[in-house]
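I open these notes to record what I looked up in this structure, entry by entry.

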Amino acid sequence: MIQRKTPAQIEKMAAAGAVHARCMKMVSGMVRPGITTAELDLAVEKFIRSQGGEPTFKGFRGFPGSICASPNSMVVHGIPGPYELEQGDIISIDIGVTLDGWVADGASTIPVGEIDETTARLLEVSKESLDLAAAQMVPGNRVGDISNAVQTHVEAAGFSIIRSLVGHGIGETMHEEPQIPNYGMAGRGPEIEEGMVFAIEPMVNVGGPEIFMDDDGWSVYSEDGSMAAHFEFTVAATDNGPRILNPWDET
Ligand code: MG
């Protein structure tokens, strides 16, 4: 069953989302050559706790970090550690914030200094696909409208959607029904109703769509070693249209 949130519950999720958005801006500003992903992780944990929140990912199924930090061809779920960012890298940072019992989830892929043209295009197209998908979060639309918006935009640019990882409903727990694939047919799937909240998260490879998991049981990489991007918002369907609850891209 897809849960619907009351307006009061959506305000609570928006409060978690506001902490999330500020946290993402803070950590994005720290990204530079020489910093380790462990340093980014520590800064995020301190920030979230300073705001009265909890880092949702920490301890989730035994995950050790407060962020997922996934450089270059790593798509998602990277464990923060001694890796030092280098000029020309990209780093995908995924953060979950639990505040007052409600969760906000979101990710951004950030360039480390100057990046090559194809990688810059990957980030641009992937973020655009998230914005287009979020715009479909309207009562009366269907989940397939979200999925199709991502797929159409990404594939038109010549990049690949990862199909085996999906977005999800979100609320008092990080993962609720339904699954939100990043590919599919418009007009299909569950109907979006007022009060539903989804974590929409395109994951995109420059090369083919195949992925593999590292021996650490977490890190997911593009099979062909091509650069990978991940962008995510927590989005509510309201009577006034889509509401992004963690607008980390707003200045
Ligand atoms: Mg998510």
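**Entry 1: helices α1 and α2.** I began with helix α1 (residues 7-30) and helix α2 (residues 37-50), whose axes lie 10 Å apart and which pack at an angle of about 150 degrees. I note that the model is a predicted one. Angles over 145 degrees count as roughly antiparallel, and α1 and α2 are therefore roughly antiparallel to each other. I recorded the crossing of α1 and α2 as right-handed.

I then looked up which residues make this contact. From α1 they are Val 19, Arg 22, Cys 23, Met 26, Val 27 and Met 30, and from α2 they are Glu 39, Leu 40, Ala 43, Val 44, Phe 47 and Ile 48. By class, the contact of α1 with α2 has 10 nonpolar residues, 2 charged ones and no polar ones.

**Entry 2: helices α3 and α4.** I turned next to helix α3 (residues 117-134) and helix α4 (residues 143-156), and found that their axes come within 8 Å and cross at roughly 155 degrees. The angle makes α3 roughly antiparallel to α4. The crossing of α3 and α4 is right-handed.

On the α3 side I listed Val 125, Glu 128, Ser 129, Leu 132 and Ala 133, and on the α4 side Ile 146, Ala 149, Val 150, His 153 and Val 154. The contact of α3 with α4 divides into 7 nonpolar, 2 polar and 1 charged residues.

**Entry 3: the nonpolar cores.** Which residues touch the most other members of the largest nonpolar core? I found Ile 93, Ile 95 and Phe 198, in a core of 51 residues. Apart from this core lies another, of 14 residues, which includes Ile 10, Val 103, Met 174 and Leu 245.

**Entry 4: Ser 73.** Is Ser 73 buried or exposed? Its relative accessibility is 16%, and buried means under 20%, so Ser 73 counts as buried. Leaving aside its neighbours within four places in sequence, I listed Val 220, Tyr 221, Ser 222, Gly 225, Ser 226, Met 227 and Ala 228 as the contacts of Ser 73.

Technical notes
Residues are numbered from 1 along each chain as its sequence is written. This is a predicted model: local features need pLDDT of at least 70, side-chain atom pairs count only at pLDDT 80 or more; totals for chains, interfaces and linings use all residues. Side-chain values use heavy atoms; hydrogens and water are left out. A nonpolar core is a set of buried Ala, Val, Leu, Ile, Met, Phe, Trp, Tyr and Cys residues joined through side-chain atoms within 4.5 Å. Buried means under 20% relative accessible area, exposed over 50%, partly exposed in between (1.4 Å probe, protein chains only). Axes are lines fitted to C-alpha atoms, for helices over the stretch in contact, and angles run from 0 to 180 degrees between N-to-C directions. Helices (H or I, at least four residues) and strands (E, at least two) are DSSP runs, numbered from the N terminus. Angles under 35 degrees count as roughly parallel, over 145 as roughly antiparallel, 65 to 115 as roughly perpendicular and the rest as oblique. A crossing is left-handed if the near helix is turned anticlockwise from the far one by less than a right angle, and right-handed if clockwise. Contact means heavy atoms within 4.5 Å. Ala, Val, Leu, Ile, Met, Phe, Trp, Tyr, Cys and Pro count as nonpolar, Asp, Glu, Lys and Arg as charged, and the others, Gly among them, as polar.
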